[in-house]
Amino acid sequence: MCGRYFVDNEMWREIRKICKQVDDSKLRVTAGDVRPTDLALVLTGTEQMQWGFTQQYQEGLLINARAETVLSKPSFRDSMRHCRCVIPAAGFYEWNKDKEKVTFTMPESKNLYMAGIWQPTENHSQFTILTTAPNKSMRPVHDRMPLVLKPEEIIPWIQDWDS
């Protein structure tokens, strides 16, 4: 599960390098914590999206989707097939059993890229983060973690609809 992530100043500079055509003055996103319902920049093109899928007949937000079952769930199936995105971050947070915030980052890089999917809506498009089984560092804190992409997997994730 990923319930909050953050973008630090270095990651924000990296995002601006990747998206050179983005006019910073039109974005309402900056460095700092990103919470469900916040607008955030995701890599699909240049669009800001709101974190969390809303459903017509269900209350609450769907902020995460299990990578293992995303194609079998009606809420996510079309997005997985046609609307993939990458959520850039410096890291993410999770809370342990003692309700202490634990920060997770990539040890070999200052940048973290989470696999996501999005859906168009009337006001703002919405995105959700794909999750997977936890790795060794995450396991003591939570039973799920974001599906993290390597930099070379970003373009294939967004553009390769056969995978």
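**Notebook: salt bridges, sheet and core**

I began with K110, which is exposed, with a relative accessible area of 56%. I kept in mind that this is a predicted model. K110 forms a salt bridge with E10, and the closest N and O atoms are 4.0 Å apart. I looked up where the two residues sit: K110 is in the loop between β10 and β11 and E10 is in helix α1 (residues 9-18), so the pair ties together parts that are 100 residues apart in sequence. E10 is partly exposed, at a relative accessible area of 34%.

I then asked how many salt bridges the count comes to. The count is four. I noted as background that side chains of opposite charge can pair when their charged atoms come close.

Next I looked up E68 and R144, whose side chains meet in a salt bridge at 2.8 Å, N to O. E68 lies in the loop between β7 (64-66) and α2 (77-82), and R144 in the loop between β12 (126-132) and β13 (145-146), so this pair ties together parts 76 residues apart in sequence. I checked burial for both: R144 is buried, with a relative accessible area of 8%, whereas E68 is partly exposed at 49%.

The next pair was D33 and R4, a salt bridge with its closest N and O atoms 3.9 Å apart. D33 belongs to strand β2 and R4 to strand β1, so the pair ties together parts that are 29 residues apart in sequence. I found D33 partly exposed, with a relative accessible area of 27%. R4, D33 and R35 are linked in a network of salt bridges.

From there I turned to the sheet. I read an open sheet of four strands in the order β2-β1-β9-β10, with antiparallel pairing. β2 (32-34) and β10 (101-104) each have a single partner strand, so one side of each is left without a neighbour in the sheet. Neighbouring strands here are turned by 30 degrees against each other on average, direction ignored. I also looked at β1 (residues 4-7) and β9 (residues 91-95), which run antiparallel and are joined by three bridges. In this pair F6 stands opposite G91.

Which residues touch the most other members of the largest nonpolar core? I found Y5 and F127, in a core of 45 residues. Strand β11 (residues 112-119) gives the largest share of this core, six residues.

Last, I noted the whole protein. It has three helices and 14 strands. Of its 163 residues, 44% count as buried. The protein exposes about 9,300 Å², of which carbon and sulfur atoms supply 49%.

Notes. Residues are numbered from 1 along each chain as its sequence is written. This is a predicted model: local features need pLDDT of at least 70, side-chain atom pairs count only at pLDDT 80 or more; totals for chains, interfaces and linings use all residues. Side-chain values use heavy atoms; hydrogens and water are left out. Two strands pair if DSSP finds at least two bridges between them. Axes are lines fitted to C-alpha atoms, for helices over the stretch in contact, and angles run from 0 to 180 degrees between N-to-C directions. A nonpolar core is a set of buried Ala, Val, Leu, Ile, Met, Phe, Trp, Tyr and Cys residues joined through side-chain atoms within 4.5 Å. Buried means under 20% relative accessible area, exposed over 50%, partly exposed in between (1.4 Å probe, protein chains only). Accessible areas come from the Shrake-Rupley method with a 1.4 Å probe; for residues, only the protein chains shown count as cover.
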